[in-house]
Number of protein chains: 2
Amino acid sequence: MRELDIGEVSRRSGVSASALRYYEEIGLIRPIGRRGLRRQYDEAVLERLALVALGRAAGFSLEEIASIFAQGRPRIDRARLAARADELDATIRTLAAMRDGLRHAAACRAPSHLECPTFRRLMRAAVAGAFEPVMAAPSRAAPKRSRARKRA
Amino acid sequence: MRELDIGEVSRRSGVSASALRYYEEIGLIRPIGRRGLRRQYDEAVLERLALVALGRAAGFSLEEIASIFAQGRPRIDRARLAARADELDATIRTLAAMRDGLRHAAACRAPSHLECPTFRRLMRAAVAGAFEPVMAAPSRAAPKRSRARKRA
DNA sequence: GCTTGACCTCAAGTCGACTTGAAGTCGTAC
DNA sequence: GTACGACTTCAAGTCGACTTGAGGTCAAGC
C-alpha cells in the first residue's frame, strides 16, 4: 500500500494542497499518518476525493458530504440521491423556461425589449420569484432572504 | 407622477430597503430626489428593478446588469442574451446528465455504490471536471480555481 | 414635550470554500 | 554547510450580494 504525500494526492485528484488541508480540517479526509511533519495518504483517499467531487457536482455542500462519511464507511442514502435528482429536475425546467425566454428576446423584433410581451412576461415572472429556487443547492444556504414582505 | 418612498418601493418590488440602498451604491438605481433625508423614487424604478430581477435570474451579476443600464436607456444586447441562452443550454445538459446518474444510483441494487459501474463512471466524470462549468454564471467569477496542475 | 416609526449613514459582519502570506521545518543535492 | 524545494502552521483575506448594528434625523400624533 503506497503512501502518497500531499503533492501527489493533489496532482492525481486535481484538488489543491491547500484545499486538501482544508478538507482535513472539516473532517472530510484524513492522512494515514505523518512522516516528519508531512502528511502521508493512503491511495484510498483518491476514491474518497472522487466521491467528494461527485457530491459537489451534484450540489451537496462539503458539510453534507462530510455527514455521508461521518460513521466510518460512506453511507450513501438512496432517498437523498433521488431527492436531489428531483431538485435538479425542477431546476432544469426553470432554466429551460429562462433559456426559451432569452432566445425569444434575442430574436424578437420589437423596437425595445420593454415592448415585447414575452419579455415583459419574463420580467414579471422574475419579480414574482418564479426563478428564485434556481440552483437551490442546499449549499447556497440562502443568507436569510427575508424577501421584503408584500404589503406588510 | 407619484413619488414613492423606499418602503413602498420595497413592498412593490420585493427588494429589501437595504438592498435598494446597496443597488444605489453600485449605480443600479437612483432616486429622483430626497424629501428631507428620505429618498424619493419615480414609479419607473419598479420597471428597472424588474429588469434587475430578470437579469439576476438569467445569471448575470449586478455589475453586468449595471453595465446594461450604464449609458442612459437600458441597452440590451441581443447577442448577449443568445449567448446566455446557449450557456443555459449547456448547463441544462450537464444537470440532466447528473440527474440521470443520481436516479440510476438511487435505484441501483449493487451492494455498495462503489461497485456500481454507472456510479463509478459518474465519479470519474466529476474528477475530470465534466461538471465544473455547471451554473457557470459569470457572476460566480470562480475565485481563481488554479485547479492543481495535472502532473506539473 | 415626548414617543413612535420610518427613514438615514457608515462600518462591519455573513455565507461557503477556499487561497494567500508570513514564518518555520525537513531531507536531499551540490 | 548551505541552498533548494516541498512541505508545515496559523491567521487573515477573497468573492458577491447583501444584512446587521449602532447611533442619528425627522414628521406626525398624543
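Q: What makes residues of chain B and chain A count as in contact?
A: Contact means heavy atoms within 4.5 Å. By that rule, 55 residues of chain B are in contact with 55 residues of chain A. This is a predicted model, where local features need pLDDT of at least 70 and side-chain atom pairs count only at pLDDT 80 or more, while totals for chains, interfaces and linings use all residues. Residues are numbered from 1 along each chain as its sequence is written, and side-chain values use heavy atoms, leaving out hydrogens and water.

Q: Why is the pair B:Glu47 and A:Arg120 called a salt bridge?
A: A salt bridge needs a side-chain nitrogen of Lys or Arg within 4 Å of a carboxyl oxygen of Asp or Glu. Here the N to O distance is 2.7 Å, so the pair qualifies. The count between chain B and chain A is eight salt bridges.

Q: What makes B:Arg38 a polar contact of DNA strand C?
A: A polar contact is a pair of N or O atoms within 3.5 Å; within protein, one must be able to donate a hydrogen and the other to accept it, and residues adjacent in sequence count only if both atoms are side-chain atoms. A polar side-chain atom of B:Arg38 lies 2.7 Å from a base nitrogen of DNA strand C. That is within the limit, so the pair counts.

Q: How do you know that the backbone of B:Gly7 meets the limit too?
A: A backbone N or O atom of B:Gly7 lies 3.1 Å from a phosphate oxygen of DNA strand C.

Methods: Chains lettered and ligands numbered in written order.
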